[in-house]
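Welcome! Work through these exercises with the model beside you, and try each task before reading its solution.

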Amino acid sequence: KLPATVVGRDSFSDLTILKVNARELTAATFGDSGALRVGDVVVSMGSHNGTGIMADGIVAAIHQNIQAGGGSMTLLQTSATLNAQQVGGILINCYGQVVGIYTRCAENLMTLTPTDQVSFSLDSVTIKNIADPRINHGFVEGRVHLGIHGQEIDEFYEQYYDIPRGIFITAIEEESALFARGVREGDILINLADTPVLSFDILNSLLSSFNQGQEVTAVVYRDGTQYQIKVTIGETP
């Protein structure tokens, strides 16, 4: 056991970076999670009350989109299952390299039971993209967002309530560009950059292709009327 200091936290990914003053420790080696394929053998490693725990399995999905914090995260899904006490455990490939860190930060993972033969991990590429700038700059640069939280309107709600499909906005940050343009809770974001926003997967895929400060066109629905506005993509605080 060693004393540690907190270097940085990232609430969205549920990662915390710690620093210890120690010598003659062998550091784990990160592997390239981008090289993983469905069916690859992986092993998860964790601990509980000082006891090491291991579980083997395969990669079940590479880019699994999971709802988290009003948006979505892309995680590795494996059958190398750990339980809630092993959050923060590592996922290793057949070469002993770390390719993921086990997480349960996504909202809909909290309902999983031990009989659900599935675990989710942040991939090593994402981890390094978060940890490196946190260590070097104190924050994650260039991560963009719209400043909204909401829920998807599917075909059932579209027909039942006679409203368009999109993202029903349940909360909006007052510092966001959308709020400045008059968008409020209860509005529906139906189109962004000429692309129908039918799901969080589509919205987050669009956001990942934008740059901070980029201006795009958004279409918002309110009380039977569609409004087209210009919005500037902001950086996540």
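**Exercise 1. Find which residues line the largest cavity, and describe them by class.**

Step 1. The largest cavity is lined by Ser44, Thr78, Ala80, Leu82, Ile90, Leu91, Tyr102, Ser119 and Ser121. On a 1 Å grid over the protein atoms alone, a cavity is a set of points where a 1.4 Å probe fits but cannot get out, and lining residues have an atom within 4 Å of a point.

Step 2. Two elements give two or more residues to this lining: strand S6 (90-92) and strand S8 (119-123). Helices (H or I, at least four residues) and strands (E, at least two) are DSSP runs, numbered from the N terminus.

Step 3. Sorted by class, the lining has five nonpolar, four polar and no charged residues. Here Ala, Val, Leu, Ile, Met, Phe, Trp, Tyr, Cys and Pro count as nonpolar, Asp, Glu, Lys and Arg as charged, and the others, Gly among them, as polar.

Step 4. The volume of the largest cavity is about 40 Å³, and the count of cavities of 30 Å³ or more is one. A volume is the space filled by probe spheres set on the grid points, which are joined across faces, edges and corners.

A note on the model: it is predicted, so local features need pLDDT of at least 70 and side-chain atom pairs count only at pLDDT 80 or more, while totals for chains, interfaces and linings use all residues. Residues are numbered from 1 along each chain as its sequence is written, and side-chain values use heavy atoms, with hydrogens and water left out.

**Exercise 2. Describe the second largest pocket and its lining.**

Step 1. This pocket holds about 900 Å³ of space. A pocket is an open set of grid points with protein on both sides within 12 Å along at least five of seven lines.

Step 2. Its lining has 26 residues, and Leu18, Ala28, Phe30, Ile90 and Ile101 lie nearest the centre.

Step 3. Strand S2 (15-19), strand S7 (98-102) and helix H1 (124-137) each supply at least two lining residues. H1 gives the largest share, five residues.

Step 4. The classes are 18 nonpolar, five polar and three charged.

**Exercise 3. Is S8 largely enclosed or open, and which strand does S8 pair with?**

Step 1. Five of the five residues of S8 are buried, so S8 is largely enclosed by the rest of the structure. Buried means under 20% relative accessible area, exposed over 50%, and partly exposed in between (1.4 Å probe, protein chains only).

Step 2. S7 and S8 run antiparallel and are joined by three bridges. Two strands pair if DSSP finds at least two bridges between them.

Step 3. Across this pairing, Ile101 stands opposite Leu122 in S8.

**Exercise 4. Work out what surrounds the side chain of Asn93.**

Step 1. Asn93 sits in the loop between S6 and S7, and its relative accessibility of 12% makes it buried.

Step 2. A polar atom of the Asn93 side chain lies 3.0 Å from the backbone nitrogen of Tyr95. A polar atom of that side chain also lies 2.9 Å from the backbone nitrogen of Gln97.

Step 3. Not counting residues up to four places away in sequence, Asn93 touches Val41 and Val99. Contact means heavy atoms within 4.5 Å.

**Exercise 5. Place Ser199 in the chain and list its contacts.**

Step 1. Ser199 belongs to the loop between S13 and helix H4 (200-209). With a relative accessible area of 14%, Ser199 is buried.

Step 2. The backbone nitrogen of Ile202 lies 3.3 Å from a polar atom of the Ser199 side chain.

Step 3. Leaving aside neighbours within four places in sequence, Ser199 is in contact with Glu152 and Ile167.

Conventions. Polar contact = N/O pair within 3.5 Å; in protein donor to acceptor, adjacent residues only side chain to side chain.
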